[in-house]
Amino acid sequence: MLLPPSPPHTSKTPNEALSNLQTLLHNHLSTGTYTPFVYPYHALGPNILLLYLLLPPTRSPEIYYLRYPLFILITFFSVNAIWECRSASVTVGYGIGLLNAWAVLWSATLLIFWDARGEGRRIEMQEVKGEGKREVSSQASSTSSDESRSQELRLRVANGHVGGADGPGESQRVVYQSLPPTLYHRIDWVFDLVSNFRGLRWKHQLSGLPPPPSHIQAGLADPSLPPPRPLSQLTRADLLRRDLPNFLLCCMALDVLKTVALQDPYFWGLGPSTPSSFPWPVVTRLAISLTFVYTSLLTIFLLAPLIFGVLLGPRYIGQHAWPWLHPPYFGPPSQVWQKGIAGFWSGWWHQLFRYAFEQAGEFVARRVGWEQRTQRGMIIRVFTAFFCSGVLHACASYATLSETRPIRGPFIFFMLQPVGISAQRAITGWTRKIGLRERIPVQLRWFGNMAVVVAWTLLTGPNISNDFAACGIWLYEPLPISPLRGLRGEGWWRWGGSWVRWYSADRWWQSGLAF
């Protein structure tokens, strides 16, 4: 089956569109065409990854090479979940495809592209209970002798400073911790590794993110670390002042966007040919879609610093609450007009998946023998990154109940982006070569970059925005309470229905929590 079947396009209201999805799912479940996503059975892929990483540190070649057949097994279970699982919840359905595809890519990153068990290093502040008593094994050193000398340096502060934001105390040290020997410590290490996509606090942290604060760097004595930046010195109060107002603004913006979007049947999943009450439907729909995606993601991203860094804090989650671990996910908008399409993706848009994309690109470049710093190596890494992103979003599109075009929609959209980047860079290089670029005022160049980004978005954006709408993504309710729709007499409370239920299958191991 190349495309999932579509619900009847006869919906007259958003609620009717959701009801049609419920009916369609019920028909598919009754005929056995699809099954619901059942935990833990359909999460076997990620669970296998966790179990492998949780094995005690060892030099056994059998354990080392076990990662290859396990990766094949992870891929099988994840692809199987994408193929056979569906949900009437538009966000769950989209997540089935996106997260299972991500499970394959992230497992490849940690097992194949990079040996996370052997090379992973996390910054930790550890207690030293006595001379010669070390919580960290000798594996806390890095693979090189030069790094091993610096990584085991201990910081003893005898002036009464408290460990945490003020720095290590007199019985504490800062180290790069490899895979720990004790199970309790190893569970914390592994779950942080698997869930920390940007690598904050890890040796493989993304470039461009704020480095550790000065008191952490003093303990590590690692000359490869860049100097601290203002974002490195954040406090819990800084997080609260920065993120709480933004979160509240995002919630209000989501309510406005949701109310406006529901006025156009296009956002119910009825297709771009549906008549619209908005002027310039293509431009308006694309603008609403982009704003909706950005605001939805930003709202979710703002929850992490508020919950972990502010609400829970060091008292409950210890070092996971360090404020410098919560830099913004989106970069400055100035990257867009200063660098054009490349700045849009590499400087402004969120970098949540960037490490996996980079590792995949470097892996491919090594296999074809193209050096990383050469122009050919850069091109193949950029195309590989967008290829991976296209596959992730195509799998997400495929796993929804609606009739979508995963290849001609999101996949083509992402594969066109490196074409635009390469074309703009080529033109920029040509203008520099003939001496024209230096004669153009900076403000005019910025205006030109913005014009290129807008034009390129109008040209390629409908590929993915139409797919989002066809998936029914915008039928999701972002907030439990909608003041705007409440005032319009459409009801204040927006969440409801059964989100999770117990599912009993013929085989006991396929039973569990159905989403």
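Contact here means heavy atoms within 4.5 Å, and by that criterion Leu110 touches Leu49, Leu53, Asp115, Ala116, Leu193 and Val194, not counting residues up to four places away in sequence. The model is predicted, so local features need pLDDT of at least 70 and side-chain atom pairs count only at pLDDT 80 or more, while totals for chains, interfaces and linings use all residues. Residues are numbered from 1 along each chain as its sequence is written, and side-chain values use heavy atoms, with hydrogens and water left out. Helices (H or I, at least four residues) and strands (E, at least two) are DSSP runs, numbered from the N terminus.

**Nonpolar cores**
- A nonpolar core is a set of buried Ala, Val, Leu, Ile, Met, Phe, Trp, Tyr and Cys residues joined through side-chain atoms within 4.5 Å, where buried means under 20% relative accessible area with a 1.4 Å probe and protein chains only.
- The largest such core has 104 residues, of which Leu53, Leu105, Leu110, Trp345 and Trp474 touch the most other members.
- Helix 5 (residues 90-113) gives the most to this core, with 13 residues.
- A second, separate core of 5 residues includes Phe37, Ala81, Cys85 and Ile96.

**Helix packing**
- Helix 2 (residues 44-53) packs with helix 5 at an angle of about 20°, their axes being 10 Å apart; the axes are lines fitted to C-alpha atoms over the stretch in contact, and angles run from 0 to 180 degrees between N-to-C directions.
- Helix 2 and helix 5 are therefore roughly parallel, a term that applies to angles under 35 degrees.
- Helix 13 (residues 341-348) is largely enclosed by the rest of the structure, because 7 of its 8 residues are buried.
- The buried residues of helix 13, among them Phe344, Trp345 and Trp348, pack against helix 11 (281-317), helix 12 (334-339), helix 15 (375-398), helix 16 (407-433) and helix 17 (442-471).

- An open sheet of 3 strands has the order 1-5-4 with antiparallel pairing, two strands being paired if DSSP finds at least two bridges between them.
- Strand 1 (38-39) and strand 4 (501-503) are the edge strands, each pairing on one side only.
- Strand 4 pairs with strand 5 (residues 512-514) in the antiparallel sense over 3 bridges, and Arg501 has Ala514 in strand 5 as its bridge partner.

**A loop residue**
- Pro272 lies in the loop between helix 10 (236-261) and helix 11, and touches Tyr266, Arg285 and Asn466, not counting residues up to four places away in sequence.
- Pro272 and Ala470 are 198 residues apart in sequence, with a C-alpha to C-alpha separation of 8.7 Å in space.

Notes
Buried < 20%, exposed > 50% of the residue type's maximum accessible area, 1.4 Å probe, protein only. Parallel < 35°, antiparallel > 145°, perpendicular 65-115°, else oblique.
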